Amino acid sequence: MVEDWRHFLLPYQQAVDELKIKLRGMRKQFQDLNQHAPIEFVTGRVKPVDSIKEKMVRRHIEDGRLEQDMQDIAGLRIMCQFVEDIYQVVNLLRQRSDMTILEERDYISSAKPSGYRSYHIVIEYPVQLVTGEKKLLAEIQVRTLAMNFWATIEHSLNYKYQGAFPEELSARLQRAAEAAFKLDNEMSEIREEIQEAQNLFSYGKSNAWSS
Ligand code: 0O2
């Protein structure tokens, strides 16, 4: 059993903090070049201890295998305006030398049975500790704003129903997922028009709400 969770999770917190800065930096660099930024905003978290314990039971992960078998203790989320941005971000991540991609799961072209859509990337990321370098796993989820809206709502309902949704609710969530997907497709259709408008806007006024 992990005896000191605070000690165990400290390097993961460092990885999340570093990766948030790096990914937000990508957005800033696009803005600096006056180009459409494929990243709208970035969030990150270290998985809470209760969720780690619950997932260890559910996935039959032994104590000694936690670091190798639980890929999302460090989690980053990148939100994008358009589906096309997701694939641009994925390509940019593939080219980086400060992380190694171990696995990619495309839940966009094939959604999960729940209706969930996102692109998941599992990376190996080295953190520099006073005791030396430690390579950790982290999961980066890349999704549109619409996918994020659906996943956030579904996640909170999941918490209430523990995955056992009433049939009616489950059907509504499926329909909402399809509606979100249609919205993404509609936005992709008028992407060039939107981006032109956004370029005009950002020349005129700096966007005070950007992160
Ligand atoms: P959190 O941190 O609260 O979001 P599993 O965890 O067993 O479902 P696996 O194979 O370990 O799946 O990893 P996978 O498939 O990459 O998914 C893990 C994470 O993806 C989840 O983390 C969610 O963040 C997200 N996710 C996957 N499926 C769904 C879904 O149907 N609905 C929503 N809202 N999110 C999903 P956790 O563990 O839920 O924790």
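Two strands pair if DSSP finds at least two bridges between them. Keep that rule in mind while reading this predicted model. Strands E3 and E4 are joined by six bridges and run antiparallel. One of these bridges links Asp-106 to its partner Tyr-119 in E4.

Now widen the view to the whole sheet. Five strands form an open sheet, in the order E1-E2-E5-E4-E3, and the pairing is mixed. E1 and strand E3 (100-106) are the edge strands, since each pairs on one side only. On average, neighbouring strands of this sheet are turned by 25° against each other, direction ignored. As background, strands of a sheet pair through backbone hydrogen bonds, either parallel or antiparallel.

Both senses of pairing can be found here. E2 and E5 run parallel and are joined by seven bridges. In that region, Cys-80 stands opposite Thr-144 in E5. E4 and E5 pair in the antiparallel sense, over eleven bridges. Tyr-125 stands opposite Leu-136 in E5. E4 and E5 also form a hairpin, with two residues between them.

Is Val-122 buried, exposed or partly exposed? A residue counts as buried with 20 or more other C-beta atoms within 10 Å, and as exposed with 12 or fewer. Val-122 has 16 such atoms within 10 Å, so Val-122 is partly exposed. Which residues does Val-122 contact, leaving aside neighbours within four places in sequence? They are Gln-71, Leu-102, Glu-103, Leu-137 and Glu-139. Val-122 and Met-70 are 52 residues apart in sequence, but 10 Å apart in space, C-alpha to C-alpha.

Next, look at the helix that covers part of the sheet. H1 lies across E1, E2, E4 and E5. H1 runs at about 175° to E1.

Then turn to the nonpolar core. In soluble globular proteins, nonpolar side chains tend to be buried together. In this model, the largest nonpolar core has 29 residues. Those with the most contacts inside it are Ala-15, Leu-76, Ile-78, Cys-80 and Ala-138. Several elements each supply at least two residues of this core: helix H1 (5-32), strand E1 (41-46), E2, helix H4 (83-94), strand E4 (119-129) and E5. A second, separate core has six residues, including Ala-146, Met-147, Ala-151 and Ala-180.

Not counting residues up to four places away in sequence, Leu-76 touches Val-16, Leu-19, Lys-20, Leu-23, Val-42, Gly-44, Ala-138 and Ile-140.

Helix H5 comes next. In H5, the residues Ala-146, Met-147, Asn-148, Trp-150 and Ala-151 are buried. The buried residues of H5 pack against strand E2 (74-80), strand E5 (132-144) and helix H6 (167-189).

The backbone deserves a look too. Most residues other than glycine have a negative phi. Asn-34 has a positive phi near 55° and is not a glycine. Asn-34 sits in the loop between H1 and E1. With 9 other C-beta atoms within 10 Å, Asn-34 is exposed. His-60 also has a positive phi, about 50°, although it is not a glycine. His-60 is in the loop between helix H2 (49-58) and helix H3 (66-69). His-60 has 8 other C-beta atoms within 10 Å, so His-60 is exposed.

Finally, compare the model with the record. An unreviewed UniProt entry lists residues 44-165 as "domain: RelA/SpoT". In the model, that span is 35% helix and 34% strand, and its end C-alpha atoms lie 27 Å apart. The unreviewed UniProt entry also gives the annotation "coiled-coil region" for residues 173-200. In the model, residues 173-200 are 96% helix and 0% strand, with end C-alpha atoms 37 Å apart.

Key. Residues numbered from 1 in each chain as written. Predicted model: local features only at pLDDT ≥ 70, side-chain atom pairs only at ≥ 80, totals over all residues. UniProt positions renumbered as here; feature names shortened; annotations may be inferred. Helix = DSSP H or I, 4+ residues; strand = E, 2+ residues; numbered from the N terminus. Contact = placed C-beta atoms within 7 Å. Core = buried A, V, L, I, M, F, W, Y, C linked by C-beta atoms within 7 Å. Axes fitted to C-alpha atoms, helices over the stretch in contact; angles between N-to-C directions.
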